[in-house]
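Visitor: Could you take me through one part of this protein up close? I'd like to start on the inside.

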Amino acid sequence: MKNILLSCCLFSLFLQARSQVIGRLVTAGGQPIPSANVLLLRSVDSGLVKAALSDENGGYRIERVGPGRYFIRYSSVGYQMGVSPAFELGSDSKDLGAIVLQTDTAQLGSVVVRAQKPLFQQQVTGTTVNVENSILTKGSSALEVLERSPGVVIDRRNNAIALNGNSGVLVLLNGKLLRLSMDQVVSLLNSMPADNIEKIELLTSPPANYDADGNAGMINIVLKKSRKRGTNGSLSASTGYGYGEKASASLNLTHNSRVFDVYGSYAFSHDRAAMDWHAYSTERQPLLGGGFSHTDVLSDIKPVSNSHNVSVGADARLNSKTTIGGSVNYNNSHVAVGTHNTATFLIAPDSPISLNATISGINQWNNIMASAYVERKIREGERITFDMDYLDFNNRRPTDARSSFLDKHGNPAGNNDTLSSPYQKGISNTHIQVGVGKLDYVKRLSEKVRLETGAKGTYTRTSSLSRTESWVNGAFVSRDGTTTDMVMKEAIGAAYASVNATIGSSGSLTAGLRYEYSDTRMDNPGKQALITERKLGKLFPSVFFSQKLGARSELQLSYTTRISRPSYNDLTSYVIYTGPSSIETGNPLLKPTITNTLKLGYVYRGYSFSVSLSRDDHPIVRYQLTTSADGMLLAVSPVNMEYQNSLLFQIGAPVKVTDWWSMNWSFNAGWRRYKEDFTPAPAENTWFGYSGNMSQTFRLPKGFSAEVSGWYNSRLYDGSKKVDGFGALNAGIKKELKNNGGSFQLFMTDIFRTTTIVNHFGTLTEEAFSVKSRVPYRPESARAQVIRLSYTRTIGGGGSGKKGGAQEERERVRE
């Protein structure tokens, strides 16, 4: 026993005697040098003791070093090798301070290849799409760039986004959740120029420090932010034409110093577009005696949009331990929409009724997002961060409709009532306010174990007022059932804890647990009536494991539980009349969706493979056919299915064909089985679907490069609705000008006009009122190819200002 105790004491003293060596690598202008090799060598024989890489701030740390005499050798591409003086290391740590590495002009003179991140990168939490180097990004909207991402499906007619076949997806901007309804998020992204987007993170398995909402995962859009010292930025402008003219311009500026960073950007976009849908259907008409009708409806929609996006922010390092910062983002959009609807209703033989309607409307909204944070470093490996966010969203959507409803003789059909009124107007106003407070704490418990914990509180207030008024007998009267007056108040409290442990020399395990409690109440203030009230508390576990199997391969495993809560639009009992016998409405009885997902992934030399198994209980599907409470009207509304099981596969493959030709491929496929019971004849369905994305880049002589990209989504099912496959092929060419003169990009989207989306009802099972329909929807690019020309130029160079040729080449190598 004494020997054991003595051995333990000696071992403890040995550990305590071990120290660490720290320092920082910078350029002659004081800029940090990341990813540099740092070798700790014995002074007596130059033998290697330990090695490290510098982080993004140029800092490095070599831990658990025994007493002795050492020196350090530094090396990085584009710099001359550096060697420190020899030093003695005892029981105290050694801080070598800032080491300046000199530019290696001779080495950089031979560099001709720009090293870029691969387009797709597989991680244990999902896939990252590095879009900033794509030729097709310039001049596009954020929604168009998102649409080209693997596994993402944009339903432009219904303003919906799906990820890997699931619609329960949340969208974040710079890690901040856009707490808006999905149609508002789609409108926001469609008005946002993509020039300033750095990457898109498709988080199919978010860790515990993220909100548990979003059963399909999260899409985080990360904007560019320069980290170079001095004043830097970029400007871009584009023009284009499809059905109508398009233009955009943006300016992004950043000034970074040792203690203070300030940044700002402005973007403007103008877009004149056109889209249409054409519905062919047969259905029973309870309002007209229960007989069958044949309907042919064509809707031609022509929006003209103008948007402004402004962002300003600052970060200040008060001292070596405290950093504060904040930002404000403002978005304004004005869309004037002209719609022309023509329809023929054949209710009885030789008794057609025709509809001709012209609808003009305005969709105008303002959105402000403000954020502030304080980060305090308590000691090495321990910090605490407090964040506050506020969102204010105002939306106004007035409409004015003039229509004629005529029989085959050209006489007005129906009575002069609200149903067949020749003049109707709609009013819709929405105001959303959100406040968020978040506290995060990180502590390194040991060399291999890190603890993360935190708490978050969110309060949302949404007010919505809408109604339809019809001109009857010389006055406007409100149409029964078309008035919606709703106030929703929702409070969500959350707490989480996560432990990350390094296993061996190359393994990592993260286990987290998150608890969320939500209290949601919706009232009708006009009637002083409760619409719905819900309270839900639930634990959400998550586990992530990764193991490097060598220098170039990694195994990844994850398990998560997530929730998808109905939006306020889903729950509201609003009524929008979409035809003489049809309405669109919400569903106050919707249940939240709970999803459990198990995912296994493997990465080898940039190639990625993954398989996932998931179970959705009560999945929410939107725009399904049901009936009104009295059974007389066809109602389009969100509903719950019973369950959905999914087995999905994903493959990502970067391929370098030659030094001038590279390719990136992504393929998603899988089987899904679900059961629904909201149709007159409940159904179970098993189906196989797939989607693919590809990008090919060609580096040509004299500063030219070209890119061809494409995507395709196979046939899919959304509830009882079937959607045919669709996709697009895009191409562009880029010219880099000399002497930092900027670059021109010319590209065309949907070259073969193949993005027509065709929806079918009545093919899987019997629908409400025995509806059978086929509805092709054509976005603008399916009517006319969209061609854009853009110009982009960087501003400033950081450090002392003007860059030399060697520095320009160094930045090319490190991009």
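Visitor: Which residues does Leu-146 touch, not counting residues up to four places away in sequence?

Guide: Before we zoom in, keep in mind that this is a predicted model, where local features need pLDDT of at least 70, side-chain atom pairs count only at pLDDT 80 or more, and totals for chains, interfaces and linings use all residues. Residues are numbered from 1 along each chain as its sequence is written, and side-chain values use heavy atoms, with hydrogens and water left out.

Okay, to your residue. Leaving out residues up to four places away in sequence, Leu-146 touches Val-152, Ile-154, Ile-161, Leu-189, Ile-200 and Ile-219. A touch, or contact, here means heavy atoms within 4.5 Å. Leu-146 belongs to the largest nonpolar core, which has 40 residues. Such a core is a set of buried Ala, Val, Leu, Ile, Met, Phe, Trp, Tyr and Cys residues joined through side-chain atoms within 4.5 Å. Buried means under 20% relative accessible area, exposed is over 50%, and partly exposed is in between (1.4 Å probe, protein chains only). Leu-146, Val-152, Ile-161, Leu-189, Ile-200 and Ile-219 are the members that touch the most others in that core. Apart from it lies another core, of 26 residues, including Ala-162, Ala-413, Val-639 and Trp-711. In soluble globular proteins, nonpolar side chains tend to be buried together.

Now step back a bit. Of the protein's 815 residues, 48% count as buried. Its secondary structure comes to seven helices and 49 strands; these are DSSP runs numbered from the N terminus, with helices being H or I of at least four residues and strands E of at least two. Among contacts with a separation of 6 or more, 65% join residues 24 or more positions apart.

You'll find Asn-524 in strand E30 (residues 507–524). Beyond its neighbours within four places in sequence, Asn-524 is in contact with Asp-485, Ala-529 and Ile-531.

The protein averages 82, and 87% of the residues score at least 70. Among the elements, E48 has the highest mean pLDDT (95), while helix H7 (residues 805–814) has the lowest (33). Over residues 1–17, pLDDT stays under 50, and the model has five contacts beyond four places in sequence for them.

Key. pLDDT is the predictor's confidence in each residue, from 0 to 100.
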